[in-house]
Amino acid sequence: MKSDITVGDTFTYRMKTTEDMSATQYQESSPPVFATPHLVGAVESAAARLMERWLDEGEMSIGGQIELRHTAPTPLGWEVRVEAKLVEAAGKKFVFEVDCFDEAEKIGSAKHTRFVIETKGFMAALEAKVK
C-alpha cells in the first residue's frame, strides 16, 4: 500500500441510470425508479476508485460494510453523482462518507468501509470454494 493516503481525499463517480437499474427488476409492484441495490453499487464504485491510487501491485480493496440511506426517488434516464470522502484510514481499513445526488437533489448518504487485501490469497480462496 502506498503512503500518500490522505484523510479528506475525495472521488466523484457519475452514472446514467438505465431501465435495467429499475426497482421493478427486484419487485414488479415497485415504481420504475432507480433501485437501491444499484445505489449501493455506485457507493462501492466511488470508494473503490478512490482507493485504486493507493494500492500496490498484488493488492485489491474489498467492501466490508455499507450503511445506506436512500432518501429520494430518481427517474430512470437521469444521472446519479456519488461523492466519496475518506474519513478514516487505519492500517488496511478505510472508512468513507458518501453523498449521493441526482439531477435535482440529494438522494442518499452512506458510510462505507473497505479493506485492502492481497489479490492472490483472495483468488485462491475463491477457487477453492468453487471446486
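This report covers side-chain contacts and a surface patch in a predicted model.

**Aromatic pair**

The model has one aromatic pair. Its partners are Trp-54 and Phe-94, and their rings are stacked. The ring centres lie 5.9 Å apart, with 15° between the planes. The stacked label follows because planes under 30 degrees apart count as stacked.

The pair links distant parts of the chain. Trp-54 sits in the loop between α1 (36–51) and β2 (59–70). Phe-94 belongs to strand β4 (residues 93–101).

The cut-off for buried is under 20%.

**Salt bridges**

Side chains of opposite charge can pair when their charged atoms come close. The structure holds five salt bridges. Among them are those in the table.

| Glu-79 | Arg-14 | 3.3 Å |

The Glu-79 and Arg-14 bridge links distant parts of the chain. Glu-79 is in strand β3 (residues 79–90), and Arg-14 is in strand β1 (residues 10–16). They are 65 residues apart. Glu-79 is partly exposed, with a relative accessible area of 32%.

Glu-83, at 29% relative accessibility, counts as partly exposed.

Asp-99 is partly exposed, with a relative accessible area of 30%. Lys-106 is partly exposed too, with a value of 40%.

**Nonpolar surface patch**

Which residues make the nonpolar surface patch? Phe-122, Met-123, Leu-126 and Val-130 make it, and the patch covers about 350 Å². Phe-122 is placed in helix α2 (residues 119–130).

Phe-122 has a relative accessible area of 34%, so Phe-122 is partly exposed. Patch residues need over 30% relative accessible area. Phe-122, at 34%, therefore passes that cut-off.

**In brief**

The stacked ring pair joins Trp-54 and Phe-94. Phe-122, in contrast, is partly exposed and contributes to the nonpolar patch.

Definitions and conventions:
Residues are numbered from 1 along each chain as its sequence is written. This is a predicted model: local features need pLDDT of at least 70, side-chain atom pairs count only at pLDDT 80 or more; totals for chains, interfaces and linings use all residues. Side-chain values use heavy atoms; hydrogens and water are left out. Patches are made of residues with over 30% relative accessible area and no salt bridge: like charges are joined within 9 Å, nonpolar side chains (Val, Leu, Ile, Met, Phe, Trp, Tyr) within 5 Å. Accessible areas come from the Shrake-Rupley method with a 1.4 Å probe; for residues, only the protein chains shown count as cover. A salt bridge is a side-chain nitrogen of Lys or Arg within 4 Å of a carboxyl oxygen of Asp or Glu. Helices (H or I, at least four residues) and strands (E, at least two) are DSSP runs, numbered from the N terminus. Buried means under 20% relative accessible area, exposed over 50%, partly exposed in between (1.4 Å probe, protein chains only). Rings of Phe, Tyr and Trp (its six-membered ring) pair if their centres lie within 6.5 Å; planes under 30 degrees apart count as stacked, over 60 as edge-to-face and the rest as tilted.
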